[in-house]
Amino acid sequence: MRRGPSAFNIAAIVLGMGFLYLPIVLLVIYSFNESRLVTVWGGFSTRWYVSLFQNEQLLAAAWVTLRVAFVSATLATILGTLAALGLVRAGRFRGRTLFSSMTYAPLVMPEVILGLSLLLLFVSVGVARGFWTVMIAHTTLTLCYATVVVKARLVSFDEALEEAARDLGAPPWKAFALVTLPNIAPAVAAAWMLAFTLSLDDLVIASFTSGPGATTLPIRIYSAVRLGVSPEINAISTLLIGLVATGVIAVYLLNMRRRTPGA
Amino acid sequence: MNAKTRLNIGAVRSSFAPWADPSAKPLVRFDQVTKRFGGETAVDAVSLDIYEGEFFALLGPSGCGKSTLMRMLAGFETPDLGRITLAGEDLAGRPPHLRPVNMMFQSYALFPHLTVAQNIAFGLRQQKKPRDEVAARVDEMLALVRLGGLAHRKPDQLSGGQKQRVALARAIAPKPRMLLLDEPLGALDRKLREETQFELMALQQRLGMTFLIVTHDQEEAMITADRIAVMRAGQLAQIGRPAEVYEAPNSRYVADFIGDVNLFEARVTEDDGDIIRLMSPEAPDGLEAIEDDEVPAGSTAWLAVRPEKMRVHLDPPPPGPNRLEGVVADIGYLGDWTTYLVELPGGRTIRAARANASRVVDRPVDWDDRVWLTFAPDSALVLTR
């Protein structure tokens, strides 16, 4: 009988995890670097966090990004949930398979193409590029992810539950709100988190569709890096990682609590 | 001498028979109801009356349309033709939440995010009942299905039998005019199922509520129901008390679907009013049955004999009608019953069943024994379709 993981298992885990997280760990460590030079360790310090909060350009970009991410994630989750409901519930209709696979297309479509096509659309319609165009573009990008996540949960959801609610006297909308929604809530929350993080770190589509006054954080970081990496970038990236990680862990815990008996 | 009046009904409620009273108004009436799915006709012009206080069973194999019929009553499917009335009122166009019937789902469909008590209260909440009234009714229901201590459990912390009882309590709580049960005991193991069948029956008697059960399990239907409707391919094959559909089936399909039956294809040689005589190559001594309905001589009919009505003899009985000779090909020992498969000279196998009334017998019937099977004329039935 073998006990615990073998040497091979340990090596595989270390290698895999290292590959995934070494760059991030390095970035986090260097965000606490005293030295101005990004690659030279000059001792522990939080001075870059202090200077970050005095860098109004970066803070403004972060604020834009958070707003875009929040609004587009919310919109994408609502639309994605509706699309998933339609696809799962509508039964068989003509072109259902086509429609179903079309929701996956943006997942595999190169972002450059999506960004470019959105830019063309905005230009031809004559919309001034800014906050709202980035927001709409990000909704387009994240909508299909949200649909896929919610759809996966809905497929395993027993429709008899909603029928039971209606049978017991709840009108359709109430049956949905009282029975279906609470049961797919973890998936809806996960969809929102996914959409939020996707929007948060998108550079390509944002650079196509943003305009003056709506510079997002990834664009700001990217252009700053081209002029030379400042340790402030490390600091704000660390904060972003912290934000995203907190969100992911929160969703995970939320799901756990639901499944634990007696909770 | 009418064989049907002498049937061994055996039901507690043999006096309960509103369907025999021409002045009685049915609670539910299906009138020429037809439902198609695509090209398939799931329910084909079914007309059916169910009376107040009745325990009615829809019995049939899967895909015979019994569930569709029930779902049309609940409002989840819309009939293509015909109409359904409840207490004289046409239900057409009324959505499920406005129909005074409740359904117990096959999967139980308990709300996983709600506790047992919240599940049971769901229907009452929809009726906007005051809080204390809801609480009182939930307690009453919990006591009724003996789940008092489990009010605050979630469904995934319950056993199969407990879930089944919660589902039942939830459906009964809003006091529907009628309770619909869709294969309610299908997920339970045998022992529990048997107990629950009797419990259901007792519950229905106590509440005086009308129950409609859909099942493919003939035993379930026989035990619980006042009347059974046997369905076949979207149509009603026969409606009657359990003893009627078992002892007086109207067709080979019903005879074969409910229980086991031996069928002999035969030519009618004589019908003298009471006794019908038939000829079959499988029974060289001829066949006899008591039958009220007239069957013209010369026509082809089927003689049906249930296995438990066959007597097995090791010594040849005196020659006469209803005597078959064969060899024991197989023995199925069930403890309470033993089934003998007897091969006739023609090669066909006949079933005979015997209750094992005593622990020991002088000479047990063994494999390859030569045996004679006999049956009384009033144990056999002549079927013409």
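Trainee: What order do the strands of the open sheet of 5 strands in chain B come in?
Mentor: The order is E15-E19-E16-E17-E18, with antiparallel pairing, where two strands count as paired if DSSP finds at least two bridges between them, and where strands (E, at least two residues) and helices (H or I, at least four residues) are DSSP runs numbered from the N terminus. Keep in mind that this is a predicted model, in which local features need pLDDT of at least 70, side-chain atom pairs count only at pLDDT 80 or more, and totals for chains, interfaces and linings use all residues. Residues are numbered from 1 along each chain as its sequence is written, while chains are lettered from A and ligands numbered from 1 in the order in which they are written.

Trainee: How many bridges join E16 and E17 of chain B?
Mentor: E16 (residues 323-333) and E17 (residues 337-343) of chain B pair in the antiparallel sense over 6 bridges.

Trainee: Switching to helices, at what angle do H2(B) and H3(B) pack?
Mentor: H2(B) and H3(B), the latter covering residues 131-144, pack at about 130° with their axes 9 Å apart; axes are lines fitted to C-alpha atoms, for helices over the stretch in contact, and angles run from 0 to 180 degrees between N-to-C directions. That angle is why H2(B) is called oblique to H3(B), since angles under 35 degrees count as roughly parallel, over 145 as roughly antiparallel, 65 to 115 as roughly perpendicular and the rest as oblique.

Trainee: Which residues meet there, H2(B) against H3(B)?
Mentor: B:Ala117, B:Ile120, B:Ala121, B:Leu124 and B:Arg125 in H2(B) meet B:Val134, B:Arg137, B:Val138, B:Met141 and B:Leu142 in H3(B), contact being counted if the C-beta atoms, placed from the backbone, lie within 7 Å. By class this contact has 8 nonpolar, no polar and 2 charged residues, with Ala, Val, Leu, Ile, Met, Phe, Trp, Tyr, Cys and Pro as nonpolar, Asp, Glu, Lys and Arg as charged, and the others, Gly among them, as polar.

Trainee: Last one: how many residues does each chain give to the contact of A and B?
Mentor: Chain B gives 20 residues and chain A gives 16 residues. On the side of chain B that touches chain A, the largest share, 3 residues, comes from H2(B), and that side has 10 nonpolar, 8 polar and 2 charged residues.

Terms used:
Contact = placed C-beta atoms within 7 Å.
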